[in-house]
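Here is a short briefing on one protein model, written for a reader who is new to structures. Please look through the sequence and the 3D view before reading on.

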Amino acid sequence: MNVYSRKQKLKFGLFVLAVFLGVGIMLYTENLVRKIAGEERNRIEIWAESIREFTEINLNEKVSPTIYKILGENKTIPVILVDDEGQIIDSRNLNPKKTQDTLYLQKQLQIMKKQHEPIIVEYTKGHKNYVYYKDSVLLTSLFYYPYIQVVIVSFFILVSYLAFSSSRKAEENQLWAGLSKETAHQLGTPISSLVAWIELLKLKNEDEKLINEVQKDVKRLETITERFSGIGSTPVLMRMNLYKIIANSVSYLQARTSKNVEYILNFDKSGELLIPLNESLFEWVIENMCKNAVDAMQGKGKIILSVEDKKDKIYLDIRDFGKGIAKAQFKTVFKPGYTTKKRGWGLGLSLVKRIIESYHSGKIFVKNSELGKGTVFRIILNK
């Protein structure tokens, strides 16, 4: 439980760090854009003033080389010069192939009017010209750069996470398969020995009732071995009666749990609902879910199993009236090793999820839960 708690805190911490870095990049770039925008406006103001001076120079006067230099210096900022009647006089740094197109110039002029206030050029004759301009390609690129950067980095992180998650899941599958098959192998030897001892007891005409009880336990061990050996390989699904499997599992559990636990089956036990199932593995699911419910209620309360038959899906709800689950743990409870018990292994619900989703192509999740009131797990099976 502590492992997953730390993992959630680490994820949250990394998310907060990523947000701070993203915001920091945005603010820094925005400040840089403002500075460059201010410098560009200053350049255009100087350029506009040079136009005014150049226009007012007498033909006999010598034009300063500085004015020529300033007029020719603007090679990046798109500008349009408009007279006091709104007619376009000149343009610069626009698409040279379209500068003769009146509609194109008018469209660019409208864009410039929306971006910046015009710079007014006043002449001694009483006339005014207006210099409209828009951001340079460099400034526009710089404005969008952090957004593009965030998208690229986010995409890279997402791909890396998916690749890591897929690799980790493959390793987890191999571990599960190896552990389960090794458990089945270890159980095989003592079970074979017990079978031999039972046959020996029969030959010696020992207490038949005692032999029958031992045989039941051996059969149970064989079922457990079959379950473990089925993990990691594709189990055979056959059309089985879901009602019967649930009723048999509950009947087995009733004899082995506290009398203070009441099992309620909200379906017709004598009815028939045939769906593709692996009987041994699905019985394991019911047993695990019910045992968890008993633990949650501390051995006292009701467990309600309800089946709802839809068109192409079957909904199985398992409800207990125990201590409940915090909403933040709805998904974590299915992780391997997660347990609230001091000596628990935390593998029950993880195995249940694997059996339902990997082997029966279904779904299992916490439908709802309230602390101190109980929990409802929902299993969805294909019909």
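A residue is called buried when its relative accessible area is under 20%, exposed when over 50%, and partly exposed in between, using a 1.4 Å probe and protein chains only. By this rule, both Phe 334 and Phe 377 are buried. The model is predicted, and local features need pLDDT of at least 70, side-chain atom pairs count only at pLDDT 80 or more, while totals for chains, interfaces and linings use all residues. Residues are numbered from 1 along each chain as its sequence is written, and side-chain values use heavy atoms, leaving out hydrogens and water.

**The sheet**
- Five strands form an open sheet with mixed pairing in the order β6-β8-β9-β11-β10, where strands are DSSP runs of E of at least two residues, helices are runs of H or I of at least four, both numbered from the N terminus, and two strands pair if DSSP finds at least two bridges between them.
- Because β6 (261-266) and β10 (363-370) stand at the edges with a single partner strand each, one side of each is left without a neighbour in the sheet.
- Strands β9 (residues 313-320) and β11 (residues 374-382) pair in the antiparallel sense over eight bridges, and Arg 319 has Val 376 in β11 as its bridge partner.

**Aromatic rings**
- Rings of Phe, Tyr and Trp (its six-membered ring) pair if their centres lie within 6.5 Å, with planes under 30 degrees apart counted as stacked, over 60 as edge-to-face and the rest as tilted; this rule gives two aromatic pairs.
- The pair of Tyr 243 and Phe 267 is stacked, because the ring centres are 5.0 Å apart and the planes stand at 10 degrees.
- Phe 334 and Phe 377 form an edge-to-face pair, 6.0 Å centre to centre with 90 degrees between the planes.
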